[in-house]
Amino acid sequence: MSNFHIGIVVSFGRLIPTKIIKLFPLGMLNVHGSLLPKWRGAAPIIYSLINGDHQTGITIMKIKPKKFDTGEIVLQKQINISEHETLPELYTKLAKLGADALTEIFEDLSQALQFTKPQNEVDATYAPKITSSIALVKWDEMSAKIVYNLHRALLGLYPLSTKFQDKTVKLHDITIAEESITRKLDGEMPGTVIYDRISDALIIKCAGNSCISVKKLIIQGKSVMKARDFNNGFIAGKKESKIFFS
């Protein structure tokens, strides 16, 4: 380590021992995918999308021993999050932003390290590591906006899931249903499913008198199915007056 002055980590996810940090004369820096102290933890990009944030960014901070994401801020860069931006898209933007910020710091490293600022603990929020269980939709608790934000946040990682006839169903190609379509489910319980021929999509009732639109899904043990195929197999011409996801 004697040939190195400073250490850099990105998305490392583990506490770095004090003895390692001390091997670098200038310490170590971490590139974090949020505007700290907001969204400390392993999944900042995911939580910014789940939360429906309109802005995020990157923080380059000093690494403190024995603590995650609490070090002094060296530099922050902010960007806007568009209404329909997804995890892969935002991840790519933040990766470039972080690389550019590191380049900026190394243009005058001593100056950058001299004028750091502490994080405000009062403003801290947390983004803990997620598991696949986060993808389960709770129709009676989640509005269409919340479901859609969850879909954006987990795209490419975990598809949203629900239950139908005791089988897991994975939902794909999700949007918020238009108000004119949502009215078709006025008075229905959350989880109620209908097929809309005009949009060629399943319309699912959510909390708050809102609905999402789903154009593709996968029933456990089967291949990808279009909404019209689900309608033909499980809705059209059936004795049951209503179909529910749970």
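## Aspartate 196 and the salt bridges

Aspartate 196 counts as buried in this predicted model, with a relative accessibility of 3%. Its salt-bridge partner is lysine 184, and the closest N and O atoms of the two are 2.5 Å apart. Because aspartate 196 lies in strand β7 (residues 192-196) and lysine 184 in the loop between α6 (179-182) and β7, the pair ties together parts that are 12 residues apart in sequence. Lysine 184, at 49% relative accessibility, counts as partly exposed.

Aspartate 53 is buried, its relative accessible area being 10%, whereas lysine 38 is partly exposed at 32%. In the salt bridge of lysine 93 with glutamate 85, the closest N and O atoms are 3.0 Å apart; glutamate 85 counts as buried at 4% relative accessibility, while lysine 93 is partly exposed, with a relative accessible area of 36%.

## The open sheet

An open sheet is formed by 4 strands in the order β1-β2-β3-β4, and their pairing is mixed. Strands β1 and β4 (73-80) are the edge strands, each of which pairs on one side only. On average, and with direction ignored, neighbouring strands of this sheet are turned by 15° against each other.

Strand β3 (residues 55-62) and β4 run antiparallel and are joined by 7 bridges. Within these strands, glycine 57 stands opposite glutamine 78 in β4.

## A nonpolar surface patch

Ile8, Val10 and Phe106 make a nonpolar surface patch of about 250 Å².

## Aromatic pairs

Across the whole structure, the search finds 6 aromatic pairs. One of them is formed by tryptophan 39 and tyrosine 47, which lie 5.8 Å apart from centre to centre with 35° between the planes, an arrangement described as tilted. Both tryptophan 39 and tyrosine 47 are buried.

Elsewhere in the aromatic contacts, Phe164, Phe230, Phe234 and Phe245 form one aromatic cluster.

Conventions. Residues numbered from 1 in each chain as written. Predicted model: local features only at pLDDT ≥ 70, side-chain atom pairs only at ≥ 80, totals over all residues. Heavy atoms only, no water. Phe/Tyr/Trp six-rings, centres within 6.5 Å; stacked < 30°, edge-to-face > 60°. Buried < 20%, exposed > 50% of the residue type's maximum accessible area, 1.4 Å probe, protein only. Patch = residues over 30% accessible without salt bridge, like charges linked within 9 Å, V, L, I, M, F, W, Y side chains within 5 Å. Areas by Shrake-Rupley, 256 points an atom, 1.4 Å probe, with all protein chains shown as cover. Salt bridge = Lys/Arg side-chain N within 4 Å of Asp/Glu carboxyl O. Pairing = 2+ DSSP bridges. Helix = DSSP H or I, 4+ residues; strand = E, 2+ residues; numbered from the N terminus. Axes fitted to C-alpha atoms, helices over the stretch in contact; angles between N-to-C directions.
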